[in-house]
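Student: I would like to learn how to read salt bridges in a model. Please show me the structure, then take me through the idea.

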Amino acid sequence: TLYSFWDVRACFGRRAPEGGPLESSDDVARYLLDAAGVVTASGRGFEQDGFLRVTFTAPDDELAAGLAAAGQALARLEAA
């Protein structure tokens, strides 16, 4: 298993296409789950708000699809 922390602070203050502003790691994690089906752990649980913990345990093709889905969802965020 490989763990990674993603810095998502640049997402704070941006808006989901059909939602409110993202103001915490919890919000970004929830958005990625809803918009892309990608499960992450909010950094707030690790005292690291602004980061998401991502666990890589799936086959390579599923990881590639999940990363692509997360990237597309993040690209859809709108400026506040």
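Tutor: A salt bridge is a side-chain nitrogen of Lys or Arg within 4 Å of a carboxyl oxygen of Asp or Glu. Side chains of opposite charge can pair when their charged atoms come close. This is a predicted model: local features need pLDDT of at least 70, side-chain atom pairs count only at pLDDT 80 or more, and totals for chains, interfaces and linings use all residues. Residues are numbered from 1 along each chain as its sequence is written, and side-chain values use heavy atoms, without hydrogens and water.

Student: How many salt bridges does the rule give?

Tutor: Three. Start with Arg 9 and Asp 7, where N and O are 2.5 Å apart.

Student: Which residue pairs with Asp 26?

Tutor: Arg 44, with the closest N and O atoms 3.3 Å apart. Asp 26 sits in helix H1 (residues 25-36) and Arg 44 in the loop between strands E2 (41-42) and E3 (51-56), so the pair ties together parts 18 residues apart in sequence. Helices (H or I, at least four residues) and strands (E, at least two) are DSSP runs, numbered from the N terminus.

Student: What about Arg 30?

Tutor: Arg 30 bridges to Asp 27, at 3.4 Å between the closest N and O atoms. They are three residues apart in helix H1, so about one helical turn separates them. Arg 30 is partly exposed at 46%, whereas Asp 27 is buried at 19%.

Technical notes
Buried means under 20% relative accessible area, exposed over 50%, partly exposed in between (1.4 Å probe, protein chains only).
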